[in-house]
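Trainee: I am new to this model. Please take me through its terms one by one.

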Amino acid sequence: MDYTQITPHEQSAMLEAIGAESIEQLFNAIPQQIRFNDTLDLPPAMSELQLKRELAEMAAHNHGPHDMVCFMGGGAYDHFCPVLIDQLAGRGEFLTAYTPYQAEASQGSLQAFFEFQTQVARLTGLDIANASLYEGATAVAEAVLMALQHCGKRRVLVASTLHPDYRAVLRTYLQDLPGDLVELPADGGRIAAQTVRRELDDEAACVVIQSPNVWGLIEDWDGCFGAAHERDGVCAIAVFNPIACALLRKPGECSADIAAGEGQPLGVPLSLGGPYLGLLAARNQFMRKIPGRLIGRTTDTEGRAAYCLTLQTREQHIRGAKATSNICTNQGLLALRATMFMTAMGKHGLREMAQQCYHKAHYLAQQITALDGYALKFDGPFFCEFCITCPKPVTQIIEAAKRRRILAGIAPHGRRMGRIGDENDLLIAVTEQRTKHEMDALVEVLEEFAT
Amino acid sequence: MTSVMETRPKTTRAGTRSIHRLARGDRPVEPVIFEKSVPGQRAVDLPPLDVPRADLPPELIGAPVELPEVGQHDVMTHYTHLSQRNFSVDGNFYPLGSCTMKHNPRINEWAAALDGFAQLHPLQDDEQIQGALRLLYETRCFLQEIAGLDEVSLQPAAGAHGEYTGLKVIRAYFKDIGQPQRHIVLVPDSAHGTNPASCTMCACHAVTVKTAHGYTDLDDLRRLVNEHGANTIAAFMITNPNTAGLFDAKICEAADIMHDAGALLYLDGANMNAILGKTRPGEFGADVMHFNTHKTFSTPHGCGGPGAGPIAVGEKLAPYLPAPQVMMAEDGSFYFDRDRPKSIGKVRSFTSQFGVLVRCWAYIAACGPDGLRNVAEKAVLSANYLAARLCNVYEMPYFDPKKGRFCAHEFVTVPNRLLRKGVSLNDIAKRMIDYDIHPPTMHWPLRDCLMVEPTDTESKRTLDHFVDVMLQIAQEIERDPKSLAEAPTDAPIRRADEVAAARNPVLVWEG
């Protein structure tokens with residue numbers, strides 16, 4: 001079923017009003033030699049009932065956090081999401097609206113995005129935030145491009161402890177542009193302030209540090225960004241996890257100038273990696289350089305509070321080749337979900353969620369490291385994710401856990417993680433959703449491999 | 001005119017209040033959520049911590065985040081109220097040109113929310129997600145067939161991201177064959193703003209090609225190729241049907257000019273809704289194209305996203321597509337191929353806008369081949385019908401059915417005769433809001449134009465209502481042009497002061 005509603009009878013009347021003899025005549029601008037006169041080689045149309053069966057069948061062929069216990073992280077986390085988010089974000093008035101170009105017809109989404117910008121600014125401890133980007137990695141790339149534009153220099157110092165996908169996307173984005181990527185080596189899984197200081201020179205544009213980093217370790221943002229700011233004009237870019245920001249020191253508290261991150265933990269389903277939510281916040285000085293949509297609060301002609309898209313001269317539809325970015329469509333509905341999520345969890349709920357992640361991850365780490373042959377790969381402080389060195393190649397352990405319906409974690413030596421670890425490394429993430437019982441079950445699996 | 005009066009009460013400011021007006025027009029301002037915060041309120045709770053507390057060094061702890069504290073009922077009320085202050089495809093006719101605001105089937109939402117799709121971790125092993133990989137592989141095949149091209153990458157997150165990815169692929173191809181100097185991308189003066197902006201992000205130089213009467217000026221295209229030198233041109237980036245709502249019949253010649261120069265043709269597929277199953281970009285010479293699933297394939301626009309912008313390429317460009325690529329093995333199983341040495345690399349984290357692509361699959365599967373062709377036919381029929389009924393009052397520079405000049409799926413009107421009566425284009429657009437219709441795209445691709453795209457899913461009854469409203473607005477202009485300066489009078493707010501918003505930007509709540 002194709003969802004069109006015009007009947008053959010109506011079609012005749014419409015053609016008559018147009019003064020055309022046939023539908024074909026309306027397509028007369030397409031030259032005959034490029035007409036597609038065949039039938040597309042696609043499966044025949046399905047009714048809704050058939051679709052339901054077919055889609056349910058495909059979905060049933062997948063296993064994941066819905067029917068297994070998930071200890072996987074690596075940039076996407078299995079957090080709790082209140083049911084009300086689905087109900088509210090599923091409302092057709094949000095789902096089926098577009099970018100709020102017409103302020104008077106879009107006050108609902110505009111105000112929600114204004115709330116979103118405020119929440120993200122508060123979460124990161126910075127002055128302003130935009131109304132979302134595609135996802136975490138492109139948000140970091142956009143942050144770097146903004147920093148390059150801002151200071152007119154070309155060296156980009158990036159922590160080697162930044163998620164490998166994010167580093168790969170940065171490589172792609174900087175490949176043809178005047179920007180040179182320099183990777184900061186890690187020491188014990190973290191970047192030392194001294195390393196930042198050593199790599200800084202007059203051409204340095206920005207320093208990019210993720211915390212918690214790819215190993216789950218909490219980086220020394222204060223030290224690294226302090227070192228960065230010893231040189232004038234160097235931008236400190238913090239890559240953040242929004243849940244961690246509810247408990248740990250925020251980018252703004254650690255003197256970051258720009259913060260970019262993945263908003264998926266804020267009520268966005270795992271959904272095999274997308275659609276997710278790119279977060280970008282910055283200090284006021286970047287207001288006219290920040291990419292993407294910005295919503296401003298203003299008044300209407302009668303003095304009522306009103307909201308509208310603003311500072312649009314930064315954007316592609318006004319500036320074309322000189323725009324700050326090419327972004328047009330963003331992740332509106334996911335930004336709405338995040339807004340509702342942060343509101344529903346609230347000031348204390350989000351902090352409690354972060355605390356539970358912290359305490360549960362530390363409980364599990366303690367239980368595992370009590371087993372013979374298991375040790376934390378690094379000593380540094382961690383938030384909700386940590387790397388364990390196992391006594392056996394981790395692929396065996398992951399397979400054994402799967403048989404117990406447990407997703408034990410991620411193998412950082414795998415291609416999906418850019419081969420950053422050794423074959424005995426296991427990266428484990430714990431969210432507030434994991435129970436003591438589930439964690440003890442994972443420990444039992446690991447115990448079978450203890451030396 | 002009567003149908004307008006039946007459906008909507010007369011909405012002069014002095015007029016009688018209708019129930020509708022009470023419900024919406026005079027609603028007080030909705031406070032921001034922070035103003036509704038009451039210390040100690042919570043909308044949801046968490047189970048008590050079931051493990052011992054660990055040591056948390058105080059130097060790691062940050063200040064609390066000042067998020068609102070609101071009970072569950074007030075959260076529901078607040079965002080329900082906000083939703084009621086929005087126009088949407090569900091609630092309104094939304095003929096926003098170039099955005100293809102068609103109906104969003106709910107079976108697609110149901111599918112994307114299935115646990116077996118929505119609850120998959122992106123780093124899981126291929127063997128655990130065979131159903132999802134099959135869906136991705138089939139979506140790839142569907143789009144290849146619709147494009148008439150050889151290989152599709154599902155990775156780009158939106159149309160502009162697709163443009164970016166496509167241009168990176170073009171750059172990588174030319175570098176690989178020893179022609180890295182090809183950095184000029186020719187772009188029509190009527191192009192989407194994203195086109196030149198994407199060029200800049202790929203370090204390509206966008207050079208503007210003139211259009212004449214809505215079509216590419218081929219002489220100007222040839223001139224620019226000669227002027228810059230054939231061996232500097234990377235591609236011509238064209239939208240077809242173009243942004244004037246016309247299928248550019250000279251597309252094959254434009255493709256020949258590019259190919260003779262050793263360059264490529266990039267098709268911006270924003271307007272694919274007009275040609276589904278009628279012609280294919282591969283047939284008219286496109287080497288690379290992007291789709292906008294949120295336009296053509298009914299994935300919801302969600303107040304501005306998410307979209308998905310898969311790109312399709314010809315065989316010679318396939319090795320450069322982003323990694324990984326979803327593949328089918330000889331035994332019929334599916335996997336992600338990460339071994340693509342010539343790939344441009346990654347353009348995003350993980351693999352795709354999977355949840356959006358589930359909806360895209362469901363739409364294409366629902367329509368089938370005949371349905372997709374019917375979609376294009378109904379989209380074009382609807383646009384031409386509106387144009388024909390309105391062209392005597394709203395001038396249309398490119399539409400003249402008597403001369404066999406039809407529009408594609410959208411049309412442009414520059415209502416000069418009405419504007420000369422002393423109203424602005426903005427007045428007309430804002431007045432449409434009073435009639436519950438979302439204004440069309442404005443001032444683009446021409447100054448003082450409205451670009452109207454009714455899409456394939458509207459009923460004739462809705463189209464007729466739109467015609468009546470537009471004719472009524474024209475009458476209002478004849479009668480009292482100044483009255484339109486007041487519009488909208490029946491929206492949640494009167495006109496927003498956008499100038500003040502930009503002059504003194506308030507981007508966050510400081511209360």
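Mentor: Start with domains: their bounds come from an automatic or database domain assignment. The model is predicted: local features need pLDDT of at least 70, side-chain atom pairs count only at pLDDT 80 or more, and totals for chains, interfaces and linings use all residues. Residues count from 1 along each chain as its sequence is written, while chains are lettered from A and ligands numbered from 1 in the order in which they are written.

Trainee: What makes up domain 1 and domain 2 of chain A?

Mentor: The assignment gives domain 1 as 69-80 + 347-447, and domain 2 as 83-341. Their C-alpha centres lie 27 Å apart.

Trainee: How many residues does each of these domains give to their contact?

Mentor: Residues are in contact if their C-beta atoms, placed from the backbone, lie within 7 Å. By that test, domain 1 of chain A gives 26 residues and domain 2 of chain A gives 24.

Trainee: Which elements give two or more residues to the domain 1 side in chain A?

Mentor: Helices (H or I, at least four residues) and strands (E, at least two) are DSSP runs, numbered from the N terminus. On the domain 1 side, H13 and E12 of chain A give two or more residues. H13(A) gives the most, with 7 residues.

Trainee: What is the make-up of that side by class?

Mentor: Ala, Val, Leu, Ile, Met, Phe, Trp, Tyr, Cys and Pro count as nonpolar; Asp, Glu, Lys and Arg as charged; the others, Gly among them, as polar. The domain 1 side in chain A then has 16 nonpolar, 5 polar and 5 charged residues.

Trainee: How many helices and strands does chain A have?

Mentor: Chain A has 15 helices and 14 strands. Its C-alpha atoms fill a box of roughly 85 × 55 × 50 Å along the principal axes.

Trainee: Why are E11 and E14 of chain A called edge strands?

Mentor: Strands pair if DSSP finds at least two bridges between them. The open sheet has 3 strands in the order E11-E12-E14 (chain A), with antiparallel pairing. E11 (375-376) and E14 (425-429) of chain A each have a single partner strand, so one side of each is left without a neighbour in the sheet.

Trainee: How many bridges join E11(A) and E12(A)?

Mentor: E11(A) and E12 (residues 385-389) of chain A share 2 bridges, in the antiparallel sense. That meets the cut-off of at least two. One bridge partner is Thr389(A) in E12(A), facing Ala375(A). Helix H13 (residues 332-369) of chain A packs on this sheet and touches E11, E12 and E14 of chain A. Its direction makes about 5° with that of E12(A); such angles run from 0 to 180 degrees between N-to-C directions, with axes fitted to C-alpha atoms, for helices over the stretch in contact.

Trainee: Which strands are the edges of the 7-strand sheet in chain B?

Mentor: The order of that open sheet is E1-E9-E8-E7-E6-E2-E3 (chain B), with mixed pairing. E1 (151-153) and E3 of chain B pair on one side only, hence the name edge strands. The twist averages 25° from one strand to the next.

Trainee: How do you know which way E1(B) and E9(B) run, parallel or antiparallel?

Mentor: They run antiparallel, joined by 3 bridges. In E9(B), Ile311(B) is the bridge partner of Ser153(B). Helix H6 (residues 130-147) of chain B lies across E1, E8 (288-290) and E9 of chain B, at about 125° to E1(B). Helix H9 (residues 218-228) of chain B lies across E2, E3 and E6 of chain B, at about 140° to E3(B).

Trainee: Why is H8(B) called largely enclosed?

Mentor: A residue is buried if 20 or more other C-beta atoms lie within 10 Å of its own, exposed if 12 or fewer, and partly exposed in between; C-beta atoms are placed from the backbone. In H8 (residues 194-201) of chain B, 8 of the 8 residues are buried, so the rest of the structure largely encloses this helix. The cover includes helix H12 (316-319) of chain A and helix H7 (159-176) of chain B. Just after H8(B), Ala203(B) takes a positive phi of about 60°.

Trainee: How many residues does each chain give to the contact of chain A with chain B?

Mentor: Chain B gives 174 residues and chain A gives 171. Helix H12 (residues 354-390) of chain B gives the most to the chain B side, with 23 residues. By class, the chain B side has 97 nonpolar, 44 polar and 33 charged residues.

Conventions:
Two residues are in contact if their C-beta atoms, placed from the backbone, lie within 7 Å.
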